[in-house]
Amino acid sequence: MIKAAGVAEVTDADFEAEVIGADLPVLVEFTADWCGPCRQLAPVLSDIAAEEGERLKVVQLDVDANPGTTIAYGVMAMPTLMVFRDGEPVKSMVGARPKRRLLAELADVL
């Protein structure tokens, strides 16, 4: 998995505790080693995790190693970004995007 600095990895085993049970809104990147756009997104996610850590938790999930969660949320393309609030998915975006655009898209959930 392409690891974004400062971004925790979640798995099928701890998704419930780390994402569904989180106090803050959680941005989940569904990612894979073979995903080129995921590489482009890694520094963007690192920046957002550092800057918005008080208001937003940012995590990554490797789709190849965690098929249960990937299938449960109907993820078909990488990278898929999903925002969970109070245990429910409230926003979904597919594809890499620059930091400014991603922050604008996240404004209504922060």
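Phe84 lies opposite Pro89 of strand 5. This is a predicted model, in which local features need pLDDT of at least 70 and side-chain atom pairs count only at pLDDT 80 or more, while totals for chains, interfaces and linings use all residues. Residues are numbered from 1 along each chain as its sequence is written, and side-chain values use heavy atoms, without hydrogens and water.

Strand 4 (residues 80–85) is largely enclosed by the rest of the structure, because five of its six residues are buried (under 20% relative accessible area; exposed is over 50%, partly exposed in between; 1.4 Å probe, protein chains only). Strands (E, at least two residues) and helices (H or I, at least four) are DSSP runs, numbered from the N terminus.

Strand 4 pairs antiparallel with strand 5 (residues 88–94) over six bridges; pairing requires at least two DSSP bridges. Two residues separate the strands of this hairpin, where Asp86 adopts a positive phi near 55°. Strand 2 (residues 26–31) also runs antiparallel to strand 4, joined by five bridges, and Val26 has Phe84 as its bridge partner.

## Salt bridges

Six salt bridges are present (a side-chain nitrogen of Lys or Arg within 4 Å of a carboxyl oxygen of Asp or Glu). One of them joins Arg55 to Glu52, with the closest N and O atoms 2.7 Å apart. Arg55 is partly exposed at 42%, whereas Glu52 is buried at 14%.

Arg97, Arg101 and Glu105 form a salt-bridge network. Glu105 meets Arg97 at 2.8 Å, N to O, and Arg101 at 3.1 Å between the closest N and O atoms. Arg101 and Glu105 are four residues apart in helix 4 (residues 99–106), about one turn of the helix. Arg97 is buried at 8% relative accessible area, while Arg101 is partly exposed at 45%.
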